[in-house]
Amino acid sequence: MRHGPRSSHLATGLLGLVLAGGLGACGSGKAAPEARATAASTPAGKTEIARRGRARPHDWPMFGVGPGRTNAYRHRTGITARSVAKLHRTVVRLPGTVDSAPIFLHHVRVGARTRDVVVMTTSYGRTLAFDARTTKRLWEFVPPGIDGWEGTEQITTAAPAADPGRRAVYAASPDGRIHKLALADGREATSGEWPASITTLPRREKIASALGVYGRYVLATTGGYIGDAPPYQGHVVALDRATGALHAVFNSLCSDRHALQDPATCRKSASAIWGRMGAVVDTRAREVYVATGNAAFDGDTNWGDSMLVLSFPDLELRRNWTPYNQQQLTDEDKDLGSVSPVLLPGGLVLQGGKDARMDVLSRAHPNGHDTAPSARLGGELQTLPLPGAAQVLATGAPAVLGKTVFVAADSIAAYRVSGGRLHKRWEHAAGGTTAVVAGGLLYVYDPGGRLNVYRPATGERIASLPAAAGHWNAPIVVGGRVWLPEGDANAHATSGTLSVYSAP
């Protein structure tokens, strides 16, 4: 792959500046005049914002919306095809880079009030909660020991996840720990096994992918850092939500070991699990899907460059798909694990990677034959080129809405699932990272500095909103606003920005 708790409960207002356009005015400490005018002239109960306010928002509790990671939010957002191009951008300064995505919870108790809340985690593990209506910061969790890694190459790009009880959120920090934070004030749980360590060597094993929650368990994966410095092994863990106890571990190298291992004691290294979606759950079959990166493969205990199906919650290996060119992928640094598996209708799964192709697989027989782990290679049902003749699909996640899947690379394309295959419906030349469908619109962030919005049925681009440059950032769209973190965690910055788009 190349490429004691402190909690500050702040009642401060907006941390950044209200801008009509880009970031040029940052640092002035004043709102742009036109922004102040629109705020002052909003007639309550008569504007589009007020009409939107009557629509009840629904939770967006983890990256991808749910444990299946469809990246499809099926509820009304308060933003329409007519209004999206008119959204006004507010830039909020952050104490770090959020190189992932926020989450949203509706009507929860924070402080002395019930409100809608947006939560996000920076690359050095600071977790922040904002009032979704005012963008005021409500609290900040600072992980213990942050002085030892802040500003260094030791980072996380994991998005947080909400507890189903809606009273806590789970967040990662670069020291290899998962923290359980009270939604009310950001205080960390320290009972049981919380905070929970999911690696014995955090300087080598990175928590890059989004956290997930399903049933009683928090799911997390590990990868490595740029340069793949050994030793490390990608692995999946399931933590008990109540106690933080480690319920199960799957090691993608030395998989006969079922506990957190000292990476130096396994003869093989790498096999990073670093796709944006991390562990993807088929909730009907109660199975977990992950993809691994460059490493050894033997079909026995080493599973480099493979798509793996694990049992839930015990994380026992059930099936695998390993491409014919597995050794070439490893030799040429073309991690399959750079992209998480995408669950499609009809019992299918889509697997992309860094070798300019996507493969459609059967969930029941991913290698075309076996229903158990195997050394067999290939067996895919269909192979397609990446949109826009891209060489790499390594920075984001597709979206699935019904029988349509949206894939962003050098361009954005929509495919219809029919007859066990994908059929392209449209393609648009503008590319990006994670595709997000929300409120009947398709949002794709271009890390060069735009947020593009399309009609999902036709691919017509109906808005191109200004944004700062970024990396693996992805938006959420809820409650009449778009929340988009910006910046690249690999810049190792201790400050960053968040763009919030809303009606003027």
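Alanine 85 is located in the loop that runs between β3 (72–73) and β4 (88–94); helices (H or I, at least four residues) and strands (E, at least two) are DSSP runs, numbered from the N terminus. The structure is a predicted model, in which local features need pLDDT of at least 70 and side-chain atom pairs count only at pLDDT 80 or more, while totals for chains, interfaces and linings use all residues. Residues are numbered from 1 along each chain as its sequence is written, and side-chain values use heavy atoms, with hydrogens and water left out.

At 48% relative accessibility, alanine 85 counts as partly exposed; buried means under 20% relative accessible area, exposed over 50%, and partly exposed in between (1.4 Å probe, protein chains only). The C-alpha atom of alanine 85 is separated by 4.8 Å from that of alanine 463, although the two are 378 residues apart along the chain. Apart from residues up to four places away in sequence, alanine 85 touches Ile462, Ala463 and Leu465, where contact means heavy atoms within 4.5 Å.

Valine 84 touches Ile79, Leu441, Tyr443, Val453, Ile462, Ala463 and Leu465, with residues up to four places away in sequence not counted. The largest nonpolar core has 35 residues, and Val84 and Tyr443 are those with the most contacts inside it. A second, separate core comprises 31 residues, including Ala210, Leu350, Tyr415 and Ala474. A nonpolar core is here a set of buried Ala, Val, Leu, Ile, Met, Phe, Trp, Tyr and Cys residues joined through side-chain atoms within 4.5 Å. In soluble globular proteins, nonpolar side chains tend to be buried together.

For the protein chain as a whole, three helices and 37 strands are assigned. Of its 504 residues, 61% count as buried. The chain exposes about 17900 Å², of which carbon and sulfur atoms supply 49%; accessible areas come from the Shrake-Rupley method with a 1.4 Å probe, and for residues only the protein chains shown count as cover.

Four strands form an open sheet in the order β9-β10-β11-β12, with antiparallel pairing; two strands pair if DSSP finds at least two bridges between them. The edge strands, β9 (161–162) and β12 (196–197), each pair on one side only. Strand β11 (residues 177–182) runs antiparallel to β12 and is joined to it by two bridges. Arginine 177 has serine 197 in β12 as its bridge partner.

Histidine 179 also belongs to strand β11 and is buried, at 1% relative accessibility. Its side chain makes a polar contact with the side chain of serine 173 at 2.7 Å. A polar contact is a pair of N or O atoms within 3.5 Å; within protein, one must be able to donate a hydrogen and the other to accept it, and residues adjacent in sequence count only if both atoms are side-chain atoms. Beyond four places in sequence, the residues that histidine 179 touches include Phe141, Tyr170, Glu188 and Trp194.

Tryptophan 194 lies in the loop between β11 and β12 and is buried, with a relative accessible area of 3%. Its side chain reaches the backbone oxygen of arginine 241 at 3.3 Å. The C-alpha atoms of tryptophan 194 and threonine 243 are separated by 6.7 Å, and the two residues are 49 residues apart along the chain. Among the contacts of tryptophan 194, leaving aside neighbours within four places in sequence, are His179, Val218, Leu239, Arg241 and Thr243.

The count of salt bridges comes to 22, a salt bridge being a side-chain nitrogen of Lys or Arg within 4 Å of a carboxyl oxygen of Asp or Glu. Aspartate 131 forms one with arginine 115, and the closest N and O atoms are 3.2 Å apart. This pair links distant parts of the chain, with aspartate 131 in strand β7 (residues 127–131) and arginine 115 in strand β6 (residues 113–121), 16 residues apart. Aspartate 131 is buried at a relative accessible area of 3%, and arginine 115 is buried at 11% relative accessibility.

Glutamate 287 and arginine 318 meet through their side chains in a salt bridge (3.0 Å, N to O). Glutamate 287 lies in strand β20 (residues 287–291) and arginine 318 in strand β22 (residues 317–321), so the pair ties together parts 31 residues apart in sequence. Glutamate 287 counts as buried at 7% relative accessibility, whereas arginine 318 counts as partly exposed at 34%. A salt bridge also joins the side chains of arginine 357 and aspartate 359 (2.8 Å, N to O), and both residues are buried. Arg126, Arg137, Glu140 and Glu150 are linked in a network of salt bridges.
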